[in-house]
Every structure is written in structure tokens, then in C-alpha cells.
Protein chains: 2
Amino acid sequence: MCQLLGMNCNVPTDIVFSFEGFHRRGGLTDHHADGWGIAFFEERGCRLFLDYLPSISSPIAELVRAYPIKSRNVIAHIRKATQGTVNLANTHPFRRELWGQYWIFAHNGNLDSLPSLQGSRFQPVGDTDSEQAFCWLLDALAKRFDVAPTYDALHTALKSLTAELADRGSFNFLLSNGEVLFARCSTDLHYIIRRAPFSTAHLADADVSVDFSSVTTPDDRVAVIATQPLTDNETWTRMDSGQLLMFVDGEPVA
Amino acid sequence: MCQLLGMNCNVPTDIVFSFEGFHRRGGLTDHHADGWGIAFFEERGCRLFLDYLPSISSPIAELVRAYPIKSRNVIAHIRKATQGTVNLANTHPFRRELWGQYWIFAHNGNLDSLPSLQGSRFQPVGDTDSEQAFCWLLDALAKRFDVAPTYDALHTALKSLTAELADRGSFNFLLSNGEVLFARCSTDLHYIIRRAPFSTAHLADADVSVDFSSVTTPDDRVAVIATQPLTDNETWTRMDSGQLLMFVDGEPVA
């Protein structure tokens, strides 16, 4: 299985602190060493860094640690291969364009079978169940909506579509278009909302702390979503199995 | 206008030498300072590095210089904005998936008008003429071919499609799916084929030389395509206006 990390904020925020702990799970504090990737949305644009090396020893991970890119939506993934060989085409997150928006998807889990992609306008490049699921979801959305729908309509559509796939295995995923971030829990997904009054957080994977009150303004709101909590002195909320949350401006909406 | 750099090889090759000269044109030896990007294909996968900083001062360009990624097909672009503001969504190269293949596109030129993208399955995320042209080309290809055609058929189709756009302005571009690389010249595009016996090349933009005989095998063949020649002691071939070459395994095919 893999590890997911997501961030959704109301102002552009760097993810350096969370990534500091997260990237150690790729070969140091955990054994997910079959590549990794991270996508940063910057307005409508998107930067996607991928490497098939373990994140703990990847030169690209070093760049991400040293170059604090500010973003309102980030999705990262550390891979422990279950289906598909270790290569770049199988490295999450995956990206496609729909309705003139980039969509980023990363999956933790394993799907035993998938609906046919015959005739789908989105086709997998690699050979993972994850990319197939992403292509199927986007094709189904493209068929339902000619143009980008309201986020409420999108949330409702994704609930019914993911339910069709969830019977086929474990399906934890993060999905974002740079405005909203969907987090779907099958087995393991936790989140925390950081807002004023900010306090000091301490990583679970390294003896590193940050005092968020010194790097934020009182209006900032940041949601961090991860397979397992990244800090050991804060209270993370465990998502329910089957839950699909939509995060907007740093908090989940009903 | 912008600067293009492409590489197509018969074996995975690093582009560090060419990039050493090329990236200086983004703010040092030339004034193309409105962002830059580079895409490396690795088998079916693709790494795309983008930055809206000038390539001469970009931390991501430093990574690309220091981390020699071996690839059979590379496309890079340094931007001098003509249409669209300086931001990540407008930074070349652009990427889409078609027929289960990633397609990478970068454009040097300016198109005054473009056919409608109403109903197109590919829609621009940013607001450049270049990304619109790419979306139009891919949509037209998707309509002609349900699955990936032969490369000869693709070459023929692209010749007629690009002719439709070329009347609308200057349209130099590079396009690749990781197997073949198309180079289309409107005003400025040059290429060189390096093969045995290899010799020493000297950059035009920096006092840097490389003896290719020490870093190649006799069977290696590498085509480098650039807006302006990157070396000052080799003979580059200037492409004709209107020419669309298809490079396969390091050389243009008829």
C-alpha cells in the first residue's frame, strides 16, 4: 500500500513542514520506496514532480524540500507497488485535463477489477489499477457534464461514481482541480484543520517542530490530509470508511 | 518570440550539454525571461519541469543541470510572452494524453486567430495561442484516429493539419509522444545529427566543450533541434519554412 498527503488552504501555503515528515516514509521511517510524486497547483497551473527513486534519496525531493512552492492545493504520494512495475508511467499523482482544468489524482489501495475503458476519452499510459480508476472517473464525469458543474453537483456525482468502484477493493484517494480537493477514505485517511490560534506542531517522523503562529496570519486556514497523522502532538480526525469529503478553502464542506 | 530545444535519440541520452547553453538564453545571453520548461520522456512516462522564473535563475533549472536524466525524447522551451500573462498555466511545454500516450508540445511564434475549440475534448487551461493550437491539433487527431495510427499516417495528418494553422501566423513547434518527435519550422528551426565518429562540440552561449566520443558508443545517434544552433563549431541544418520533419531514433525520416 502507499501513503497519501494532501493540502487544501484558503491562501497559498508551503508544504515544507509536512513534506519533511512525509518524505521520510519513502524508505526511512516506512518502506514505501517504489517512487513518489507531488503536484502543486498555482492558480490554474500545476507543477508535477515525479521520481521512481525512494523519496528519502531522491534529488527531486531535495529540491521540493529546499524550494518552498506556495500553493492552495497539493497532492503527494509515496508508492509501494501492488500493481504495475516501478517506472515513471506508474508513478502517482496522475494528471489529466478536463473542462479546461488540470485534475490530479493519487490512490492508496488496490482494486481487483475495473470497468472497461473501451471508448473512454481518457486512457491509462501506465499499467496500474489507480490510473485506470482515474481515467474511468474522469470519463464518467465528462459524460455527465459538458462543462464544469457546480462543486456541489460534482461532489454528489463523485459519491455515486466512487461507490461503483469501492466494491472492487480498497480505494483511498485524493483528487483536486486546484480549487477543491476531494478526499475519499476506504481504510486509512486522517485530516487536521489548522487555523487561528495557531500553535506549535511536532513531526511524528522526525524531531522537527514549527510554530505556525510565526508563519501565518489570523485568517489563514489549512487542511492537511494524510494516510497516517504526520504530527504527534495534534489531534487528527480519522475519516470513516466510505466517506468522501470535499475540502474548500481549508475545511471540509458538508 | 521564444526558444525551442528538442532531442530525439536511439538510446537514452542526457541533455546536460545542450541545456547548459540553452538555459543561458533565458535571461543571460538572450532576453527570453518569462518562464521556461522541459519535458523528459522515460519509456512511456514523462517528467515535466516548469517554472515561471527565468531559466538562468531558476532553482528547477539548477536541478536539471545537476541531475542528468537520460531520455530518448526531450522538449524544452524558454518563453518570451507574446500572448497570455507570465504564469505557470501559460508556461510551455504543454502536456495532454491521447490514445494512452502522453503528448508534449512547445511553440515558438504567434498565431493571430485560431479555429474554435467548441466541443473539443481538449481545452486550454491557460490563455496562450500555443496551448489552443495544441488542443486543436490533438482534437483533430482524435477525430481522425480512434487509436494510435502508424507514424507515417500521423506524419501525413499533421502536415495537413498544421498547414491549416500556419496561415494564421508563425508556427514553429516541437511535438512528441516519447517515441517520435515532430519539428515544424515556420521561421527558425535548426537541427544536427550526431553519430560516430563523434567529435568535440563547443557551446555558442558559454565557453564549454564536450568530447562526445568519450561519452557515447559507436551505435548512438542523437538529433538535437533548436531555434538557433547551440554550438559554434558544428554544421547545423536550417529547416525550410513550412517543413515538418519526423525524427525517429535520432534522425529525420522521409
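Hi everyone, let's begin with one pair of residues: A:Gly6 stands opposite A:Ile225, which sits in strand 12 of chain A. A strand here is a DSSP run of E with at least two residues, a helix is a run of H or I with at least four, and both are numbered from the N terminus.

Before going on, a word on the source: this is a predicted model, where local features need pLDDT of at least 70, side-chain atom pairs count only at pLDDT 80 or more, and totals for chains, interfaces and linings use all residues. Residues are numbered from 1 along each chain as its sequence is written, chains are lettered from A and ligands numbered from 1 in the order in which they are written, and side-chain values use heavy atoms, leaving out hydrogens and water.

Back to strand 12 of chain A, residues 221-226. Which strands pair with it? Strand 1 (residues 3-14) of chain A runs antiparallel to it, joined by five bridges. Strand 9 (residues 190-195) of chain A also pairs with strand 12 in the antiparallel sense, over six bridges; pairing takes at least two bridges found by DSSP.

Finally, chain A has an open sheet of six strands, ordered 5-6-7-8-14-15 with antiparallel pairing.
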